[in-house]
Amino acid sequence: MNKKHKKEKDTSDKKLKIAFYWAASCGGCEIAVLDINEKILEVVSNADILFWPVAIDSKYKDVEAMPDNFIDVCFFNGAIRTSENEHMAKLFRKKSKVLISFGACAVHGGIPGLANLANREEVFRAAYLDNPSTVNPDKTLPKTSVKVKEGELILPEFYDTVKSLHQVVDVDYFLPSCPPPTKLIVDALDAIVKNKLPEKGSVLAPLKSVCDECRFEKSEKIIRGIKRVYEVDKVEEKCLLEQGIICLGPCTRGGCDARCLDANMPCTGCGGPTPNSIDQGAKMISSLASILGLEGEEKMSDEEVDRLIEQVRDVVGTFYKYTLPVSLINRRVIK
């Protein structure tokens, strides 16, 4: 080996080995990595990216051929919906020294987790049989294997329940939000490059809530009714909750600089629960009940209380939009 090649090999040996994977998700987390812009040049100068479906043509067999713990850090986004997702979660766990649950779907189950309101049969019926835009005269449903003239085709099994990544494999760190804000991604990459990651199990995001980052004026809250954004003539420069708009800022971990609120849109909770909160939805329901004009509940008729509560449309979709699989209720009970 000549000196030039030896120098290149020595440099390569010192570079980190990073992987990105995309399970049950929309792919936004993958694009969020690209949003770090020129910072990506610094990343590739310090690390070799071994697997990244959105940007690199690599195969599962490439990962399977790697020695155990060969990858220094793997960013795994997406929930576990299929047997393929589970296989790759276990494979990357085995091949990676550090596994980061990346984005709301991996950390909390995310929007795919709302499918836990149904079971597999109900999902298939809605998607392939009762869907008005689907033509399926033979009522064909997905199968795990099918024989064609070229041979047998194998497809992943579609699971009955959506799970977060840490409900399937051991996870070292959590980087929430939908998608994770660029600043949090850059901070995580800096910590990895400088070998300054916190203790295992940490959430790589601030301890404060979205409310702490929101610029809107806050005061004592008592609301008499619930409104949607389009029902408000003009959004004022004050707390959206005080204007009657459900905003999950009080029960959601910050780190996003309250960007949705800057656009006059309420927080929908993608950062997951605040520290020391075990159920984001329950905490928000409790917060809302404390300000929803129920202080005189004992003087109200049952019909009046019902009318107040019924103003909340789609309770699960509002309070558990990103966290149903890791919540206390977890999924709908289906007998």
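**Close-up views of a predicted model**

**View 1. The buried residue Leu248.** In this predicted model, Leu248 counts as buried because its relative accessibility is 2%, and the cut-off for buried is under 20%. Leu248 belongs to the loop that lies between helix H9 (210-213) and helix H10 (259-262). When neighbours within four places in sequence are left aside, the residues in contact with Leu248 are Cys267, Thr268, Gly269, Gln280, Met284, Thr318 and Phe319. Gly271 stands 23 residues from Leu248 in sequence, and the C-alpha to C-alpha separation of the two is 9.9 Å.

**View 2. The open sheet of five strands.** The strands follow the order E2-E1-E3-E5-E9, with parallel pairing. Strand E2 (47-51) and strand E9 (173-175) are the edge strands, each of which pairs on one side only. From one strand to the next, the twist averages 25°.

**View 3. Strands E1 and E3, with helix H3.** Strand E1 (residues 16-22) and strand E3 (residues 71-77) run parallel and are joined by five bridges. Opposite Trp22 stands Asn77 in E3. Helix H3 (residues 39-46) lies across E1 and E2, and its direction is at about 90° to E2.

**View 4. The hairpin of E6 and E7.** Two residues lie between strands E6 and E7, which form a hairpin. The strands, E6 at residues 145-148 and E7 at residues 151-154, run antiparallel and are joined by four bridges. Within this pairing, Gly151 in E7 is the residue opposite Val148.

Conventions. Residues are numbered from 1 along each chain as its sequence is written. This is a predicted model: local features need pLDDT of at least 70, side-chain atom pairs count only at pLDDT 80 or more; totals for chains, interfaces and linings use all residues. Side-chain values use heavy atoms; hydrogens and water are left out. Two strands pair if DSSP finds at least two bridges between them. Buried means under 20% relative accessible area, exposed over 50%, partly exposed in between (1.4 Å probe, protein chains only). Contact means heavy atoms within 4.5 Å. Axes are lines fitted to C-alpha atoms, for helices over the stretch in contact, and angles run from 0 to 180 degrees between N-to-C directions.
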